[in-house]
Amino acid sequence: MRPLDPRLLRHANAVRPFIVACAGLGVLTAMLVLAQAELLAKTITWAFLDGLTLRALLAPVGLLALVVLARSGLAWLSETTAHRAAARALSQLRETVIGAALRIGPRRADRSPAEVASLATHGVDRLEGYFARYLPQLLIAAVVPLVVGVRILAADWVAAVIVGLTVPLIPIFMILIGLYTQRDVQRQWKTLSVLGNHFLDLVAGLAELTAFGRARAQLRSLREITEKYRTHTMRTLRVAFLSALALELLATLSVAVVAVSIGLRLLAGELDLQTALVVLVLAPEVYLPLRAVGARFHDSAEGLAAAEEIIALADTPTGDTGTRTVPDLGQVALRCEDVTVEGRSGPILDGFTLRIPAGEVVGITGPSGAGKSTLLDVLLGWRRPGSGRVVLGDTDLAEIGRATWHRHLAWVPQQPHLVAGTVAENIRLGSPDATDDAVLAAADTAALDVPLSTVVGELGAGLSTGQRRRVALARAVLLDRPLILLDEPTEGVDAETEAVILDRLPAVLAGRTAVIVSHHPAVLARCDRVVQLGGAAVLPAAAPERAAGSVTARPPAAVPAPAPSTVDGSASKWRPLLAAVRPHRWRLALACLAATAALGCGVALTATSSWLIASAALHPPVLSLMVAIVAVRTFGLAKGILRYLERLLSHDVALRALTELRVRVWDRLVRLGPARTARLRRGDLLHRLVSDVDSQQDVLVRGLVPGISTFAVLTGAAVTRGDPARRRVRGRRRLVHRRSARPARRRADGPAGTARHRPAAHGPDRGHRRAAAGLGRPDRPRRGGAPALPPA
């Protein structure tokens, strides 16, 4: 997938204004980077060479602080805008996934419901890093390096050549390693889809697994699948982090080469200090956006793999290209003409022909596998015949859009699906604007004996099977469509409930064309005629028989109380994570140690580079700078390698902890049992097993390890620089060194009476500093007739 794929932006067009805004923010950022470098270089030069006091430097220091604050404000504005645009884009992508799944229909077996659910939740969430961090950084990387590179070229062409030769290597490495890891990322996403399928099966079958004593046996399979996911993820991360290591080493060594080149030419007098500082400050700003792009791209690699699946799902052809209108079903007949539907082992319907006049009730019966449900799928428009056609008057059903066709029919499936909410909300599912009186009339027509305010759980929890069917019948009555399809309306209910449903069935079907699929003779007796599939016999309808005796409605089942927000509210919030990390605490300690060492190397690299440039401005012997030159490269290499080790160790610990957490969550659900977990939606349980557990990875990788390393480095710096005893010891050592050096100076001065040069008590004076920087020569003799010597 391309870094800025227009196919993805087509489905998430909310980020397009944000892209334009990011381009403008990138230009402003580049200008502020240049201003910061100029002010910083001038301030250091005036303070170091000209000896200006703090009072004289208030103006440039204040401007420098304003520039830093402006850069911080732009970063905050960019990040805030990015997260808002990302939230809108993720919402659009979820709508795209759900809309595509609904448009394709439920009879397509390309993707399971768990895969679609995982794609709409976990997969879309993984794209947050792409929209919120990668895209803004990509636009900044397109502007800032170009502007900064032009300024470096104007200041020092040698440094510009070094930068120009090394910068193109970064995107080349990104492309090569990205192509190499693409297959691993796809394999990782497939493993995650399998994991989502397994979780959904476990959640859906928790009651059955518990009843048969197989719930705890799933711990082993759950651990094996999550461990497989960890293995695939770490295989991908090793290559991705190797890419980040290559980019970081390349950028660090390039900046080190620039720093050493500047230092040597500053020592030779070919550069002044201000120009050297400008180039030194600007050189990392060329590589930093490009490195950030590479890191953000690999961080969002899993999201981009999900984006490929989203685009493939959205672009799946459905064959639904009809544009004609539906004729009046109260006036025209519905005809199936030589309809043939192929199955896996042969034709399900073979040359099936049927004519249903307007207002007729037709029953469909036959043995299992004869094609009854397939016929309903054809009439619903979910399946297209391989040959033959379905005709409404003179209009072919294939020429009518599926959504348009569904607005003219009502369907009561064999297993009605009820959503969490009240009974009234479930009846209004197809007619959200219906009045309370209309809902009450539909419930009365369907003989619904449940108060409309009754709370219903997921999948109709709290209602009996017969009550669910009557809610579905009331829903169909409220729709008031001219065509109604019923699939086994009395399946799985007792005789009393069946009698109630059959008693109300004529009122439900009055004035409508109906197709009823059933095996029950009592249901088929209410039909005008019966079509036998598998025997091709058309039977006349038997006289309807009323159920004798009074019918007593079943009272509604008790609805469980709302579930608590957490499975175990008394447990500590961090106790599960700490328990999962405890077996891997030594790996975590190594990750924290590597992170501390990497951050310390970064601080040492900055300090050594600054000391190298400042010392080179005084023109010392070149041998005195060799240690610093080697140290710059050493710290640069060590920083990248240690950072690579820290990333691998921290992610490995996090993924191992996630495996333990998922197993612990499932074990806890098994202990609670179906009685308590039934209060939770399957989506809630799936969310806890997948998203809630995955969120703990950020706590370890982006919270705990960086926090410990930062605290350790800051503490070490404070102890090293702030201990008064250490400063007194260093002061005594310098005093002893000065006293021991005086006899040597006297011996070097010659016999007594010869004029000796006074050593500077407080370091080089202003004249020597300006001479060292190429700004003048102190050729005037000092008091005593001898010219001033450069500092030792």
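What follows takes a helix pair, then one arginine, then the cysteines.

The model is predicted. Begin with a pair of helices. Two packed helices are described by the angle between their axes and the distance between the axes. Here the pair is α3, residues 58-104, and α5, residues 128-155. Their axes lie 8 Å apart and meet at an angle of about 140°. Angles over 145 degrees would count as roughly antiparallel, and 65 to 115 as roughly perpendicular. α3 and α5 are therefore oblique to each other. The crossing of α3 past α5 is right-handed.

Which residues of α3 and α5 make the contact? From α3 come Ser78, Ala82, His83, Ala86, Ala89, Leu90 and Leu93. From α5 come Glu128, Phe131, Ala132, Arg133 and Pro136. Sorted by class, this contact has eight nonpolar residues, two polar and two charged.

Now move to helix α21, residues 626-672, where Arg647 lies. Is Arg647 buried or exposed? Its relative accessible area is 16%, and buried means under 20%, so Arg647 is buried. Leaving aside residues up to four places away in sequence, Arg647 touches Phe241 and Ala244.

Cys336 has a relative accessible area of 3%, so Cys336 is buried. A disulfide is a covalent bond between the sulfur atoms of two cysteines. How many disulfides does the model have? With a cut-off of 2.5 Å between cysteine sulfur atoms, the count is zero.

Key:
Residues numbered from 1 in each chain as written. Predicted model: local features only at pLDDT ≥ 70, side-chain atom pairs only at ≥ 80, totals over all residues. Heavy atoms only, no water. Axes fitted to C-alpha atoms, helices over the stretch in contact; angles between N-to-C directions. Helix = DSSP H or I, 4+ residues; strand = E, 2+ residues; numbered from the N terminus. Parallel < 35°, antiparallel > 145°, perpendicular 65-115°, else oblique. Left-handed = near helix turned anticlockwise from the far one by under 90°. Contact = heavy atoms within 4.5 Å. Nonpolar A, V, L, I, M, F, W, Y, C, P; charged D, E, K, R; others polar. Buried < 20%, exposed > 50% of the residue type's maximum accessible area, 1.4 Å probe, protein only.
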